[in-house]
Amino acid sequence: MVLAVLFGWTNLLYEFGHGGVRLALALTGIRYRLAGAEHLPHDRAAVYCCNHQSNVDPPILYTALHRRMHILYKQEIDRIPILARAFRMGGFIPIDRRNKESAMRSIEAGAESLRAGNSFLIFPEGTRSKSDEMLPFKKGGFIMAIKAGAPIVPVAIQGGRAAMQRGSVIIRPVTVSLRVGPPIETAGLSLDDRDALIGRVREAIAGLLAQGPVRSADAEPRIHPTETSA
């Protein structure tokens with residue numbers, strides 16, 4: 001990973017990233033079941049919007065949903081030098097929600113990247129929820145999608161909290177459930193439609209969560225990334 005960062009080998013960086021996630025999942029005994037893979041848009045850039053329960057959520061989603069997933073992440077992570085450099089090289093975009101002007105620049109950069117064909121993962125709650133109830137959604141990722149005319153893919157994740165509880169460094173072997181819903185189009189929407197869009201996406205994710213964990217009959221456990229082409 002250090003060599004990939006030093007020499008700017010972006011493709012190799014992604015391969016190392018997925019390899020590292022697969023290794024970590026295998027060593028910790030964490031598996032995931034994915035339902036709704038048919039809704040993954042393989043042919044165009046999209047914003048994948050997911051609830052957030054645990055620190056294990058981002059790596060699982062990163063490797064389960066898309067081979068070249070970009071992430072809109074909290075700027076605090078930039079305090080970790082090597083990780084921050086790898087994130088920037090991979091096209092990930094930090095956002096400082098405490099600084100409105102800086103946050104808008106990040107949103108504009110994200111919209112430009114979406115228009116260039118790059119998909120993004122966002123956690124609209126902004127932090128991990130302490131319960132099964134979703135926190136209020138922040139608006140930045142939705143503005144980014146509207147500006148780019150990119151669809152939003154609702155994703156629900158369950159089970160991560162059992163693997164790694166908030167404040168704990170202990171990781172337990174569990175099977176995490178992922179449900180993907182049909183993409184919600186933003187083409188033709190304006191920023192005036194932002195709140196209505198947030199409501200639609202939140203309702204979609206809540207509906208996926210209400211279906212409960214994915215059963216083995218619906219999808220087999222995975223410890224490897226889903227093959228996607230976009």
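Leu189 touches Ile146 and Leu197, leaving aside residues up to four places away in sequence; here a contact means heavy atoms within 4.5 Å. Leu189 lies in the loop between E7 and helix H8 (194-210). Helices (H or I, at least four residues) and strands (E, at least two) are DSSP runs, numbered from the N terminus. Leu189 and Ile146 are 43 residues apart in sequence, yet their C-alpha atoms are 6.3 Å apart in space. Is Leu189 buried, exposed or partly exposed? Leu189 is partly exposed, because its relative accessible area is 28%. On this scale buried means under 20% relative accessible area and exposed over 50%, with partly exposed in between (1.4 Å probe, protein chains only).

A word on the model itself. This is a predicted model, in which local features need pLDDT of at least 70 and side-chain atom pairs count only at pLDDT 80 or more, while totals for chains, interfaces and linings use all residues. Residues are numbered from 1 along each chain as its sequence is written, and side-chain values use heavy atoms, with hydrogens and water left out.

## The chain as a whole

The secondary structure comes to eight helices and eight strands. Of the 230 residues in the chain, 47% are buried. Among contacts between residues at least 6 apart in sequence, 76% join residues at least 24 apart. The chain exposes about 11,100 Å², and carbon and sulfur atoms supply 54% of that area; the areas come from the Shrake-Rupley method with a 1.4 Å probe, and for residues only the protein chains shown count as cover.

## Two nonpolar cores

A nonpolar core is a set of buried Ala, Val, Leu, Ile, Met, Phe, Trp, Tyr and Cys residues joined through side-chain atoms within 4.5 Å. The largest one has 32 residues, and Tyr48, Leu61 and Leu178 have the most contacts inside it. The elements that give two or more residues to this core are helix H2 (10-28), strand E1 (31-35), strand E2 (47-50), helix H3 (57-65), strand E3 (70-74), strand E6 (152-158) and strand E7 (175-180). H3 gives the most, with five residues. Leu61 touches Cys50, Leu121, Phe123, Val155, Ile157 and Leu178, again not counting residues up to four places away in sequence.

A second, separate core has 29 residues, including Ile95, Ala150, Ile198 and Leu209. Ile198 sits in helix H8 and is buried, with a relative accessible area of 10%. Beyond residues up to four places away in sequence, Ile198 touches Phe137, Lys139 and Phe142. Ile198 and Gly141 are 57 residues apart in sequence and 9.7 Å apart in space, C-alpha to C-alpha.

## Strand E2 and its cysteines

E2 pairs in the parallel sense with strand E5 (residues 120-122) over three bridges, and Cys49 stands opposite Ile122 in E5. E2 also pairs in the parallel sense with E6, over four bridges, where the bridge partner of Tyr48 is Val153. Two strands pair if DSSP finds at least two bridges between them.

How many disulfides are there? A search of the whole structure finds zero, a disulfide being a pair of cysteine sulfur atoms within 2.5 Å. The sulfur of Cys50 has its closest cysteine sulfur in Cys49, but at 7.7 Å the two are too far apart for a bond.

## Two histidines

His52 is in the loop between E2 and H3, and His18 is in helix H2. A polar contact is a pair of N or O atoms within 3.5 Å; within protein, one must be able to donate a hydrogen and the other to accept it, and residues adjacent in sequence count only if both atoms are side-chain atoms. The side chain of His52 makes such a contact with the side chain of Asp57 at 3.0 Å. For His18, a polar side-chain atom lies 2.8 Å from the backbone oxygen of Arg67. Among the residues that His52 touches are Phe123, Glu125 and Arg128.

| Residue | Relative accessibility |
|---|---|
| Cys49 | 0% |
| Cys50 | 0% |
| His52 | 9% |
| His18 | 0% |
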